[in-house]
Every structure is written in C-alpha cells, then in structure tokens.
Amino acid sequence: MTLPRHRPMRPGPRTSYEESWLAGAELGEALTRGWRPRAQPVQIALGAGEAVLAQAPVRVWQYIGQNVTYNQGWFVAFGSPLLLGASLLGSALYNGSQRRRAEALAAVQWRPVCQGHLFLTNWRLALALTTGWIDIGYPYLRASGVDGDSMVIMLAGQPPVRLQVWPAHWFFVLMRFLAYGEIVRMEIPSHLQRATAPRALEPPPGS
C-alpha cells in the first residue's frame, strides 16, 4: 500500500487578513531601509507642498447609537378572570420583547455611515464621501490602530471612527509614518514569509 506523500504548504499569506498584515510589515521594513512613497497624480485640491501618497476606496463606520421606537400591543380577552389574566400576561411579555429588541437596535455599536474614497497625503486624511468631503489633519488624531480590515482613529470629542480600507495594515503603517515620522515595525511570522521577494511597495489589489 502506497501512502500519499505530504505536500508542504507553500509559504506566504493564505487569508486576506494575513495578506494585509504582511503588506504592512513589508512596508515598515522598506521605510526602515530608506524607501519613500512617490506622489500620485490626483484631481483634488492640494496645498503648497502637499502630495497624495496613497489612495483607495473606503467605507466609514462610527461607534454610535441610534434612536429606535417600538409599538406596544395590548391583548384583552373578555370572559373569566383567568382568561383576562392570561391576556394581560401575554401583553406584558410581548411589550417586554419589543422593548428589549428596540434597546438592542439602539445600543452603541459600529454602524456604517457612508462610503467613498480615501486620499492619504503628507498633511491629512482626505475623504471624498457620499455625505460630503471631510479633511482630518494629522494633528487632530488622538489615537489610531488596526481592527480587522479597518483603521480605527480617535478624534477629540468624537465617537471612534473605522476606515475600512484595503489593506488596512499597509495604510496604517504609511499613515503613522506621514503623521509622526514613525516607522511601525511588525514581526513577520515564519509561515507568512513569502517564497519570493516582495512585490513593488504599493498596496496589494483588493481582497
């Protein structure tokens, strides 16, 4: 009997999250070696000395609640006291269920707000959105990070914002470099290392 031979798994990312992580790690290494992004031609207004270094489609989420209304119902049965009590209990249970459902819908959570296009410049995050144009200058950022497939940014006096952009880790590393001159170094696990040299340091195509 001949047993099937085990084929070793090819090195490199196998999920979109791993691809995003690896893209960010490779960008961090390249920035450390002295690589710098080139300005991109765009049709948006730029200030003197300002340049767009990266751009991509984006979906914007905010960590907010919302107002939800619900209808109360009353079931009244005419007849014996036992039947009337059962109908009132049914009404209370129904109304309690409706209230709990409305509370869950109204709870603070990540909610999609709009979508559009993100421009990452050496001065700001520029967002051309379905709801209008938003500029977020780097000095207004209070904190930032990566959560799954999104960059998360914190602004003073505002709910947290998720910028769902691909690949999130690549854009996060570049944003931190442009905003603070910081080079984020991310460890590349051995199983994610590519079998060949990394591609040109542009964000990988969409997941």
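**Reading contacts, burial and salt bridges**

Biologist: Leaving aside neighbours within four places in sequence, which residues is Val52 in contact with?

Modeller: A contact requires heavy atoms within 4.5 Å. By that criterion Val52 is in contact with Arg38, Ala39, Gln40, Val42, Ile44, Leu46, Phe119, Leu120 and Thr121, its neighbours within four places in sequence being set aside. This is a predicted model, in which local features need pLDDT of at least 70 and side-chain atom pairs count only at pLDDT 80 or more, while totals for chains, interfaces and linings use all residues. Residues are numbered from 1 along each chain as its sequence is written, and side-chain values use heavy atoms, with hydrogens and water left out.

Biologist: Where does Val52 lie, and is Val52 buried or exposed?

Modeller: Helices (H or I, at least four residues) and strands (E, at least two) are DSSP runs numbered from the N terminus. Val52 belongs to strand S1. Burial is read from relative accessible area: under 20% is buried, over 50% exposed and anything in between partly exposed, with a 1.4 Å probe and protein chains only. Val52 has a relative accessible area of 0% and is therefore buried. Its C-alpha atom is separated by 7.4 Å from that of Val42, a residue 10 positions away along the chain.

Biologist: How many helices and strands are there in the protein chain?

Modeller: The protein chain has three helices and seven strands, and along the sequence they follow the pattern α-β-α-β-β-β-β-β-β-α. Buried residues make up 38% of its 207 residues. Of the contacts in the chain with a separation of 6 or more, 62% join residues 24 or more positions apart. The accessible surface (Shrake-Rupley method, 1.4 Å probe; for residues, only the protein chains shown count as cover) is about 12,800 Å², and carbon and sulfur atoms hold 57% of this area.

Biologist: At what angle do helix H1 and helix H3 pack?

Modeller: Axes are lines fitted to C-alpha atoms, for helices over the stretch in contact, and angles between N-to-C directions run from 0 to 180 degrees. Helix H1 (residues 16-33) packs against helix H3 (residues 168-180) at about 30 degrees, and the two axes are 6 Å apart. H1 is therefore roughly parallel to H3, given that angles under 35 degrees count as roughly parallel, over 145 as roughly antiparallel, 65 to 115 as roughly perpendicular and the rest as oblique.

Biologist: Which residues in H1 meet which residues in H3?

Modeller: From H1, Tyr17, Ser20, Trp21, Ala23, Gly24, Leu27, Gly28 and Leu31 meet Ala168, His169, Trp170, Val173, Leu174 and Phe177 in H3. The residues of this contact comprise 10 nonpolar, four polar and no charged; Ala, Val, Leu, Ile, Met, Phe, Trp, Tyr, Cys and Pro count as nonpolar, Asp, Glu, Lys and Arg as charged, and the others, Gly among them, as polar. Ser20, found in H1, counts as buried at 2% relative accessibility. Beyond residues up to four places away in sequence, Ser20 touches Trp166, Pro167, Ala168, His169 and Trp170.

Biologist: How many salt bridges does the rule count?

Modeller: Side chains of opposite charge can pair when their charged atoms come close. The rule asks for a side-chain nitrogen of Lys or Arg within 4 Å of a carboxyl oxygen of Asp or Glu, and by it the count is five salt bridges. In one of them, Arg124 pairs with Glu50, with the closest N and O atoms 2.5 Å apart. Arg124 lies in strand S3 (residues 124-129) and Glu50 in the loop between H1 and strand S1 (52-64), so this pair ties together parts 74 residues apart in sequence. Both Arg124 and Glu50 are buried.

Biologist: Which residues are linked with Arg124 in a network of salt bridges?

Modeller: The network links Glu50, Arg124 and Asp135. Asp135 forms a salt bridge with Arg124, the closest N and O atoms being 2.6 Å apart. Asp135 is in strand S4 (residues 132-137) and Arg124 in strand S3, so the pair ties together parts 11 residues apart in sequence. Asp135 counts as partly exposed at 45% relative accessibility, whereas Arg124 is buried at 11%.

Biologist: How far apart are the closest N and O atoms of Arg162 and Asp147?

Modeller: In this salt bridge the closest N and O atoms are 3.9 Å apart. Arg162 lies in strand S7 (residues 161-164) and Asp147 in strand S5 (residues 141-147), so parts 15 residues apart in sequence are tied together. Arg162 is buried at 14% relative accessibility, and Asp147 is partly exposed at 37%.
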